[in-house]
Amino acid sequence: MSSPVEIPFQSIVVIDRQNQTAVYLQIARQMINAIQRGVLYTGARLPGTRALAETLGVHRKTVVAAYNELDAQGWIILLPNKGTFVTQKTPVNAGSPLQFNADDLVRYPQKTGFAFEESMLLDRPVSVSKAELEFTDGLPDVRLAPMDKLAKAYASVLRRGNNRKLLTYSHVEGNAFFRAKLAEYLNNTRGLHIGKENVITTRGIQMGIYLASMLLLKKGDSVIVGDLSYYVANMIFQQAGANISAVPVDAHGISVDAVRKLCETKRIRMLYITPHHHYPTTVTLSAERRMELLNLSVQYGFIILEDDHDYDFHYNSSPVLPLASADGAGMVVYIGSFCKALAPGLRSGYIVAPQNLIGELAKFRRIIDRQGDLMMEQALGELLDEGEIQRHIKKAQKAYHQRRDLLEQLLQTQCNDYLSFKSPPGGLAIWTEWRKDINLMRVSKACLKQNLHLPQTLLFQTGQLSAMRLGFGNLDENEIRQAVEILHGVLEKQ
């Protein structure tokens, strides 16, 4: 194992004191980036906390916190009496720690690494219930949304004398100010290295999946999804004429071995994943598997469509950074939204990709949604700029954490004889597996009579599987107690 003296950490880690991101997270994320790019390679020995603190000019506790974060995410291993070492096995691009360009650690791909058909034609100037209680598939509580702040910001935009530019046609990619602030937000929270030219706004996750599928898929193309997967995405892929291949999902996410075997037998055009947290099972894709998938995408030339619908809410530690943060070959198309962070009805989403793909996506977006709501996007951009959305997410995360813990406690004490589950590290839903002798549809109908709605889309019951996705975000603690009480009463009568 190499000596830590060989590694130029002053070049690898550059601390920005003006950045809102905590210094220890800046250190951790830049070291993750260096591991992902192969600058910090497998087996590299890292300096002790005192030595690195002195090198970087920070307090030792800051480096300790950074190392703890790296250890929690599985990027390093601490061996007693030996030292701290990089554990990542498969970097995307292996490089020498002595010969590298520091810009490579923060460089976003200029072009995609895959081909797509460009259209000349488009170049012209894009389960309701009356029940009072409901387990959703992971919706937020709109009562927590910062509506006063949003209303104030929106009203301010409306009252301004220069708002006329927001009332006419403009950039089809979306409000330029909002995209710039959104890029900053994504850089700070997800470790991306993008500008507004890498962002196009959408009306939510589904629109993002649709736009990407309509552009990148042709009839007969093969798309890999998890077994199970997001049913709306599957519908969109099929609408595009693609053939779907499902691969197993375990406690660490989608099976990389299964993906590799499919790639060895046929040409794969796209891999669709929901890494935070896999829909519907809520498991998180491990750091190692993320890197392996990136390697496979480069080796076999398939697109990774990364749907990060559940990134904002995490409870145990900072989330593993998206695949897009380590994409050096332009193989990842990243999709996200504020529909869960704020409210589903706001329909504010986005696609992040290399600039040449954003330009082509804009042509498709133009024919279904000319440019989005420039006024609302301006208001959201100002809330991002002022830190209001960030503060709301932090506050909401505490509430959802408490609700998750309460639901888990109640399920364990009242429904333990009927189901089992593993605590999700984040997100707004719990994946529960049920006894095979229990008819979930019958349970759903009986609960509805007691004023508790269990939508059919939450029920997964086949010969091999009996499971239910229970979204808790939309229920406060009192409502969670009522809902579990109803569920328990119904189960006792089964």
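Let's start with Thr84, which touches Ala44, Arg45, Leu46, Tyr67, Ile76, Ile77 and Leu78, leaving aside residues up to four places away in sequence; contact here means heavy atoms within 4.5 Å. This is a predicted model, where local features need pLDDT of at least 70, side-chain atom pairs count only at pLDDT 80 or more, and totals for chains, interfaces and linings use all residues. Residues are numbered from 1 along each chain as its sequence is written, and side-chain values use heavy atoms, with hydrogens and water left out.

**Confidence**
- The protein has a mean pLDDT of 88, and 93% of its residues reach 70 or more; pLDDT is the predictor's confidence in each residue, from 0 to 100.
- Confidence is lowest in helix α1 (residues 9-12), at a mean of 81, and highest in strand β9 (residues 270-273), at 98.
- Helices (H or I, at least four residues) and strands (E, at least two) are DSSP runs, numbered from the N terminus.

**Thr84**
- You can find Thr84 in strand β3 (residues 83-86).
- Thr84 counts as buried because its relative accessibility is 10%, and buried means under 20% relative accessible area (1.4 Å probe, protein chains only).

**Helices α14 and α15**
- Helix α14 (residues 440-449) packs against helix α15 (residues 477-492) at an angle of about 125 degrees, and their axes are 9 Å apart.
- That angle makes α14 oblique to α15.
- On the α14 side, Val443, Ala446 and Cys447 meet Ile486, Leu487, Val490 and Leu491 of α15.

Definitions and conventions:
Axes fitted to C-alpha atoms, helices over the stretch in contact; angles between N-to-C directions. Parallel < 35°, antiparallel > 145°, perpendicular 65-115°, else oblique. Buried < 20%, exposed > 50% of the residue type's maximum accessible area, 1.4 Å probe, protein only.
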